[in-house]
Amino acid sequence: MTDYSCLKGKTAFISGASGAIGGAIAESLSNIGVNLVISGTNQERLNKIKKRLPSNVKVISGDISEQPEILRIIDETLSYGRIDILINCAGIFTQNPITELNFIEYNKVMNVNLHAPYLLSVELSKNMIKNRWGRIVNIGSASSYAGFKNTVAYCSSKHGLLGMSLALHDELSEYGVRVYCISPSSTQGEMGLATKGQDYSTFLQPQEVADYVLFAISQDGNAMSQEIFIKRMHLR
């Protein structure tokens, strides 16, 4: 049985908590006694998530595709106190041929999928460094390791997220801060429903991804799963 004692009583910030994976991670962390600050664009959905979770939960809604909103969310989060665990789960997925991908759309993908995790990591890691304990989880994708047609912006952002995770871990590990890139294959949820050319019934369950996240961040010894690529057993 996995020992979650090093996580109990800690406080986690989760971006994209109103999505399928983010919601599953929020529920799993709350069930083991982690306090939460959850963020997303859908205030109503965040409030519903809060009502069903047993631990202390704060809700911050906002659109992290714009830097001023990211900074506001960071300031509000820090006003609640120390953050020990950061889960960068927010993401947007576009499928357009490169000739039809305008720069505004490309930039929005990069802002949400890469720039927001960077800014959140910079600011929320400061107390982790001070306290010499922390966890940063970046939710990547199978696209962190491959390229697929009509997804240039998305694949670029996820490749960048993987590289950022590797560099951050190398920089922060001496302070007891562990950084992970956990990259699931296609997962059931709104983003999964938008995926073309694949059998949705074979997609991962969000809870399966959450289970990997909890297992990884609960390890408090010398072992470290810096990259986890969660593939599907059956592809159609």
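The model is predicted; local features need pLDDT of at least 70, side-chain atom pairs count only at pLDDT 80 or more, and totals for chains, interfaces and linings use all residues. Residues are numbered from 1 along each chain as its sequence is written, and side-chain values use heavy atoms, with hydrogens and water left out.

**Helix α1**

I took helices (H or I, at least four residues) and strands (E, at least two) as DSSP runs, numbered from the N terminus. Helix α1 covers residues 20–31, 12 residues in total. I read 17 Å from its first C-alpha to its last, close to the 16 Å expected at 1.5 Å a residue. That expected span is 1.5 Å times one less than the number of residues.

I then checked burial, where buried means under 20% relative accessible area with a 1.4 Å probe, protein chains only. In α1, 9 of the 12 residues are buried. Among them are I21, G22, G23 and A24. I looked for the cover by contact, meaning heavy atoms within 4.5 Å. The cover includes strands β1 (11–15), β2 (35–40), β4 (85–88), β5 (134–139) and β6 (177–184), plus helix α7 (206–218).

**α1 against α7**

For packing I used axes, lines fitted to C-alpha atoms over the stretch in contact, with angles from 0 to 180 degrees between N-to-C directions. α1 and α7 pack at about 50°, with axes 8 Å apart. They are therefore oblique to each other. Angles under 35 degrees count as roughly parallel, over 145 as roughly antiparallel, 65 to 115 as roughly perpendicular and the rest as oblique. On the α1 side I listed A20, I21, A24, I25, S28 and L29; on the α7 side, P206, Q207, V209, A210, V213, L214 and I217. The contact divides into 11 nonpolar, 2 polar and no charged residues. Here Ala, Val, Leu, Ile, Met, Phe, Trp, Tyr, Cys and Pro count as nonpolar, Asp, Glu, Lys and Arg as charged, and the others, Gly among them, as polar.

**α4 and its partners**

I next took helix α4 (residues 103–131) with helix α5 (residues 152–172): about 15°, axes 8 Å apart. That makes α4 roughly parallel to α5. Their contact has 13 nonpolar, 6 polar and 1 charged residues.

Last, I checked helix α3 (residues 67–79), whose axis comes within 10 Å of that of α4 and crosses at roughly 30°. α3 and α4 are therefore roughly parallel. Q67, I70, I74, T77 and L78 of α3 meet A116, L119, L120, E123 and L124 of α4.

Definitions and conventions. Buried means under 20% relative accessible area, exposed over 50%, partly exposed in between (1.4 Å probe, protein chains only).
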